[in-house]
Amino acid sequence: ADVASAKADIAVFRAPDLGQTGSVRIAHVIEALRPHNVAVDPDGLSEVSVTRASRMVGANEIKHRVAEIAAERLRLSEVANIAVELDVPAPTLHLDPTQSGPLVPARVTFEPRGGRFDMTLRAGASQIRVTGTAQETLEAVVLARPIARGEVLRDTDVAIERRPKSEVQADSVRALDAAIGMALQQNV
């Protein structure tokens with residue numbers, strides 16, 4: 001135990017990438033330790049596997065961070081009112097487990113009118129570039145089925161959805177109870 005603990009900091013193999021597992025045949029381990037005068041009893045082992053711990057940052061966390069940055073740029077207090085669509089799905093980012101803070105924007109291009117963004121987010125030595133749209137949304141009443149002219153709306157005919165603010169007209173009905181009982185003036 002004294003020999004092993006005294007030589008525990010000697011690197012004999014490259015560590016796997018964050019969040020990955022690497023395997024090495026036991027014969028290679030014995031051969032790599034021989035120059036350091038460390039003997040290993042394989043005791044029936046054929047290989048050694050090492051998994052490197054990581055903090056996984058998935059698409060939802062990345063999209064939420066983009067929404068926070070967009071809300072700040074649009075001067076909105078409610079991050080939940082921002083809908084984020086990525087141009088390509090965000091991969092899972094593996095960070096050192098000691099990196100507990102949020103992703104930090106390293107570079108941000110944001111066009112408020114159309115909501116287009118191009119952001120590079122960083123945590124420690126890791127970074128990710130994401131592009132897409134981030135738009136303010138509002139709750140709006142939408143039809144659950146096609147409705148004929150003159151038909152009176154029932155509670156099963158309508159639902160509430162979050163829609164981009166640019167699609168919601170100022171005089172739109174935004175509460176279910178206000179829509180129920182109305183008759184349509186045209187086929188929708």
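**Strands, loops and salt bridges in a predicted model**

Visitor: In which strand is I160 found?

Guide: This is a predicted model, in which local features need pLDDT of at least 70, side-chain atom pairs count only at pLDDT 80 or more, and totals for chains, interfaces and linings use all residues. Residues are numbered from 1 along each chain as its sequence is written, and side-chain values use heavy atoms, with hydrogens and water left out. Helices (H or I, at least four residues) and strands (E, at least two) are DSSP runs, numbered from the N terminus. On that basis, I160 is found in strand β9.

Visitor: Does I160 count as buried, partly exposed or exposed?

Guide: Buried means under 20% relative accessible area and exposed over 50%, with partly exposed in between (1.4 Å probe, protein chains only). At 33% relative accessibility, I160 therefore counts as partly exposed.

Visitor: Which residues make the nonpolar surface patch of about 200 Å²?

Guide: Patches are made of residues with over 30% relative accessible area and no salt bridge; like charges are joined within 9 Å, and nonpolar side chains (Val, Leu, Ile, Met, Phe, Trp, Tyr) within 5 Å. Accessible areas come from the Shrake-Rupley method with a 1.4 Å probe, and for residues only the protein chains shown count as cover. A salt bridge is a side-chain nitrogen of Lys or Arg within 4 Å of a carboxyl oxygen of Asp or Glu. The nonpolar patch is made by I160, L176 and I180.

Visitor: How many bridges join β8 to β9?

Guide: Two strands pair if DSSP finds at least two bridges between them. A140 stands opposite E161 in β9. The strands β8 and β9 run antiparallel, and the number of bridges joining them is seven.

Visitor: Which residue in the turn of the β7 and β8 hairpin has a positive phi?

Guide: The strands β7 and β8 pair in the antiparallel sense over eight bridges, and the bridge partner of D118 in β8 is T131. Two residues lie between β7 and β8 in the hairpin, and the turn residue with a positive phi, about 60°, is G124.

Visitor: With which residues is T120 in contact, leaving aside its neighbours within four places in sequence?

Guide: T120 lies in strand β7 (residues 116-123) and is buried, with a relative accessible area of 9%. Contact means heavy atoms within 4.5 Å. With those neighbours set aside, T120 is in contact with V104, P105, A106, R107, Q127, I128 and R129.

Visitor: Within what arc do the buried residues of α2 fall, seen down its axis?

Guide: I26, V29, A32 and L33 are the buried residues of α2. They line one face of the helix because they fall within an arc of 125°. That arc is taken from the directions from the helix axis to the C-beta atoms. The buried residues of α2 pack against β1 (21-25) and β2, and the arc within which they fall is 125°.

Visitor: How many salt bridges does the structure hold?

Guide: Side chains of opposite charge can pair when their charged atoms come close. In one example, D17 forms a salt bridge with R14, the closest N and O atoms being 2.7 Å apart; D17 is partly exposed at 44%, whereas R14 is exposed at 66%. The total number of salt bridges is 13.

Visitor: How many residues apart in sequence are the parts tied together by E136 and K165?

Guide: The side chains of E136 and K165 meet in a salt bridge (3.6 Å, N to O). E136 lies in strand β8 (residues 126-143) and K165 in the loop between β9 (158-164) and α4 (176-179), so the parts that the pair ties together are apart in sequence by 29 residues.

Visitor: Near what value is the phi of R75?

Guide: Most residues other than glycine have a negative phi. R75 lies in the loop between α3 (59-74) and β4 (82-86) and counts as exposed at 78% relative accessibility. Its phi is positive, in a residue other than glycine, and is near 60°.
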